[in-house]
Amino acid sequence: MSAEADSSAGGTAATDAHAACEALDGFDPAKYTQKGQAGEVAINRYAASRALSASAAAGDAKYKELAQAIRHSQDRYAQVFVFDSTVKKDLDQAREICRGL
């Protein structure tokens, strides 16, 4: 089985990476702490970007940098509970990686 044929649902590492980027593209940090639908969407998109990028990296090492950037941003946020410059730097790095895919 190749790295690109890693999902029982027929997905590939590349598919997961692109889906992670789509989730991240729709993620607005300003809405992350809002109550209601906007906040729920932001929370879930941020979480989805991490899960999908981790799946992509597991399927193909070339997506490891994307997964690390997203994970670092979330880990930093969990420490400071604000989208500070470090969290934003990691998010920007992930978005830059996405632009290159």
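**A short tour from the surface to a helix pair**

Start by selecting glutamate 40, which is exposed, with a relative accessible area of 53%. Keep in mind as you click around that this is a predicted model. Glutamate 40 sits in helix α2, the run covering residues 37-59.

Next, colour helix α3 (residues 64-80) and helix α4 (residues 85-99). How do they pack? Their axes lie 8 Å apart, at an angle of about 160°. Angles over 145 degrees count as roughly antiparallel, so that is the label for α3 and α4. Turn the view a bit and look at the crossing, where α3 passes α4 in a left-handed way.

Time to show some side chains. On the α3 side, the residues that meet α4 include Leu66, Ile70, Ser73 and Tyr77. On the α4 side, pick out Val87, Asp90, Leu91 and Ile97, which are among the residues meeting α3. Sorted by class, this contact has 10 nonpolar, 4 polar and 3 charged residues.

Last stop: zoom in on serine 73, in helix α3. Is serine 73 buried or exposed? Its relative accessibility is 0%, so serine 73 counts as buried. Show its contacts, skipping neighbours within four places in sequence, and you'll find Tyr46, Val87, Asp90 and Leu91.

Conventions. Residues numbered from 1 in each chain as written. Predicted model: local features only at pLDDT ≥ 70, side-chain atom pairs only at ≥ 80, totals over all residues. Heavy atoms only, no water. Axes fitted to C-alpha atoms, helices over the stretch in contact; angles between N-to-C directions. Helix = DSSP H or I, 4+ residues; strand = E, 2+ residues; numbered from the N terminus. Parallel < 35°, antiparallel > 145°, perpendicular 65-115°, else oblique. Left-handed = near helix turned anticlockwise from the far one by under 90°. Contact = heavy atoms within 4.5 Å. Nonpolar A, V, L, I, M, F, W, Y, C, P; charged D, E, K, R; others polar. Buried < 20%, exposed > 50% of the residue type's maximum accessible area, 1.4 Å probe, protein only.
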